[in-house]
Amino acid sequence: MCHRKNINIQLEMYIFFASDSLEITASEIVAIGYSNGANFLQGILSQRPDFADQVILLHPSDFQLDFTPSSKPKRLLVTAGSLDTLVSPGASMQLVKRLQSAFPETQLELLDGGHGVSDAEIEKVKKWLNA
């Protein structure tokens with residue numbers, strides 16, 4: 001599992017080296033990450049809140065990052081497993097509360113299961129995307 005210090009260093013390096021290529025002009029960007037990928041996305045979200053229109057964080061850890069509001073409305077979905085041994089549902093709920101303070105349209109989907117992505121979870125994500 002990544003530690004907050006490690007993810008901050010990786011994030012700073014990514015933003016430094018990719019800052020020119022982060023100028024995205026597509027009409028709608030959906031960012032999705034699972035586990036450490038979700039952790040990395042929340043790190044980018046903490047530094048660049050406007051980088052995507054919709055963000056899906058599947059089973060992220062809570063690194064207690066600070067989030068600032070985006071200049072445009074943004075939807076976020078966070079999923080967590082009720083039996084996840086790597087990330088407790090309580091930690092997921094704390095993350096969602098912090099995200100909601102910056103991004104009011106943040107939703108938590110608590111699922112039966114552990115840290116893996118299930119077919120039921122994929123269906124919930126599809127439904128959320130189409131809402």
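**Entry 1: Glu109 and Lys124.** I started with the salt bridge between Glu109 and Lys124, whose closest N and O atoms are 3.5 Å apart. I counted a salt bridge where a side-chain nitrogen of Lys or Arg is within 4 Å of a carboxyl oxygen of Asp or Glu. This pair links distant parts of the chain, with Glu109 in strand β4 and Lys124 in helix α4, 15 residues apart. For the element names I used DSSP runs numbered from the N terminus: helices are H or I with at least four residues, strands are E with at least two. Glu109 counts as buried at 17% relative accessibility, while Lys124 is partly exposed at 40%. My cut-offs were under 20% relative accessible area for buried, over 50% for exposed and partly exposed in between, with a 1.4 Å probe and protein chains only.

**Entry 2: a note on the model.** This is a predicted model, so I kept local features to pLDDT of at least 70 and side-chain atom pairs to pLDDT 80 or more, while totals for chains, interfaces and linings use all residues. Residues are numbered from 1 along each chain as its sequence is written, and side-chain values use heavy atoms, with hydrogens and water left out.

**Entry 3: the other salt bridges.** How many salt bridges does a search of the whole structure find? I got three. One of them joins the side chains of Arg98 and Asp62, at 2.2 Å from N to O. Arg98 sits in helix α3 (residues 89–102) and Asp62 in the loop between β2 (54–58) and β3 (75–81), so this pair ties together parts that are 36 residues apart in sequence. Arg98 is partly exposed at 23% relative accessible area, and Asp62 is buried at 18%.

I also looked up Lys126 and Glu123, whose side chains meet in a salt bridge at 3.4 Å, N to O. Both residues lie in helix α4, three residues apart, about one turn of the helix. Lys126 counts as partly exposed at 43% relative accessibility, and Glu123 counts as partly exposed at 46%.

**Entry 4: rings.** My search of the whole structure for aromatic pairs gave one. Its rings belong to Phe67 and Phe103, with centres 6.4 Å apart and planes at 65°, so the pair is edge-to-face. The rule I used pairs rings of Phe, Tyr and Trp (its six-membered ring) if their centres lie within 6.5 Å; planes under 30 degrees apart count as stacked, over 60 as edge-to-face and the rest as tilted. Phe67 is in the loop between β2 and β3 and Phe103 in the loop between α3 and β4, 36 residues apart, and the pair links distant parts of the chain.

Next I checked Arg75, and its charged end sits over the ring of Trp128, 3.9 Å from the ring centre. For this I required NZ of Lys or CZ of Arg within 6 Å of the ring centre and within 35 degrees of the ring normal.

**Entry 5: positive phi.** Most residues other than glycine have a negative phi. Ser35 is not a glycine, yet it has a positive phi of about 55°. I found Ser35 in the loop between β1 (30–34) and α2 (36–47), and it is buried with a relative accessible area of 17%. Gln64 also has a positive phi, near 55°, and lies in the loop between β2 and β3.

**Entry 6: a surface patch.** Tyr34, Val117 and Ile122 make a nonpolar surface patch of about 240 Å². Patches are made of residues with over 30% relative accessible area and no salt bridge, joining like charges within 9 Å and nonpolar side chains (Val, Leu, Ile, Met, Phe, Trp, Tyr) within 5 Å. Areas come from the Shrake-Rupley method with a 1.4 Å probe, and for residues only the protein chains shown count as cover. I placed Val117 in the loop between β4 (105–111) and α4 (119–130); Val117 is partly exposed, at 38%.

**Entry 7: the whole chain.** I noted four helices and four strands, in the order α-β-α-β-β-α-β-α along the sequence. Of the 131 residues, 45% count as buried.
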